[in-house]
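Here's a quick briefing to read with the structure open beside you. Take it one topic at a time and find each residue as you go.

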Amino acid sequence: MANHKSSLKRIRQTKTRNERNRYYGKTMRNAVRKLRATTDKEEAVKMYPAVQKMLDKLAKTNLIHKNKAANLKSSLCAHIAKLG
C-alpha cells in the first residue's frame, strides 16, 4: 500500500477519473448503438445532433481519439442517409 500522501491522492484521483471515463464511454457506445438500431429516419435525424455533440466532447477530452469520433459521425451520417 502507498505510504505517501501524494500517492494516496493520486490513487483517489485515478479511481474517480476511471469511473467517470467508463461511464461516458459506455454512454457513448449505447447512444451509437441505439442510433444504429433505429429504422425510422425522422427519429434518427432527431437523435443525431445529441450523439454528435457527445462524440465531439469525448474527443475534446481525449476519451476517444478525434479520428474515431470523425469516423463514427461519418458512418452514422451514412446510416441515416440510407434509411428510407
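**Leu35 and its surroundings**

Let's start with Leu35: leaving aside residues up to four places away in sequence, Leu35 touches Ala44, Met47, Tyr48, Val51, Leu76 and His79. Keep in mind that this is a predicted model.

- As a bit of background, nonpolar side chains tend to be buried together in soluble globular proteins.

- Look for Val51 in helix α2.
- Is Val51 buried or exposed? Its relative accessibility is 4%, and the cut-off for buried is under 20%, so Val51 counts as buried.
- Not counting residues up to four places away in sequence, Val51 touches Ala31, Val32, Leu35 and Leu76.
- Val51 and Asn30 sit 21 residues apart in sequence, while their C-alpha atoms are 10.0 Å apart in space.

**How α2 and α3 pack**

- Two packed helices are described by the angle between their axes and the distance between the axes.
- Here, the axes of α2 and α3 come within 10 Å and cross at roughly 175°.
- Angles over 145 degrees count as roughly antiparallel, so that is how α2 and α3 run relative to each other.
- On the α2 side, the contact is made by Lys41, Ala44, Val45, Tyr48, Val51, Gln52, Leu55, Asp56 and Ala59.
- On the α3 side, you'll find Lys66, Ala69, Leu72, Lys73, Leu76, Cys77, Ile80 and Ala81.
- Sorted by type, the residues of this contact are twelve nonpolar, one polar and four charged.

- His79 has its place in helix α3.
- With a relative accessible area of 19%, His79 falls under the 20% cut-off and is therefore buried.
- What does the side chain of His79 reach at 3.5 Å? It reaches the backbone oxygen of Leu35.
- Setting aside residues up to four places away in sequence, His79 touches Leu35, Arg36 and Thr38.
- Thr38 is in the loop between α1 and α2.

- Where is Asn62 found? Asn62 is in the loop between α2 and α3.
- Asn62 has a relative accessible area of 67%, and over 50% means exposed, so Asn62 is exposed.
- The phi angle of Asn62 is near 60°, a positive value in a residue other than glycine.
- Arg33 is in helix α1.
- At 48% relative accessible area, Arg33 lies between the cut-offs of 20% and 50%, which means Arg33 is partly exposed.
- Arg33 and Leu76 are 43 residues apart in sequence, but 9.9 Å apart in space from C-alpha to C-alpha.

Conventions: Residues are numbered from 1 along each chain as its sequence is written. This is a predicted model: local features need pLDDT of at least 70, side-chain atom pairs count only at pLDDT 80 or more; totals for chains, interfaces and linings use all residues. Side-chain values use heavy atoms; hydrogens and water are left out. Contact means heavy atoms within 4.5 Å. Helices (H or I, at least four residues) and strands (E, at least two) are DSSP runs, numbered from the N terminus. Buried means under 20% relative accessible area, exposed over 50%, partly exposed in between (1.4 Å probe, protein chains only). A polar contact is a pair of N or O atoms within 3.5 Å; within protein, one must be able to donate a hydrogen and the other to accept it, and residues adjacent in sequence count only if both atoms are side-chain atoms. Axes are lines fitted to C-alpha atoms, for helices over the stretch in contact, and angles run from 0 to 180 degrees between N-to-C directions. Angles under 35 degrees count as roughly parallel, over 145 as roughly antiparallel, 65 to 115 as roughly perpendicular and the rest as oblique. Ala, Val, Leu, Ile, Met, Phe, Trp, Tyr, Cys and Pro count as nonpolar, Asp, Glu, Lys and Arg as charged, and the others, Gly among them, as polar.
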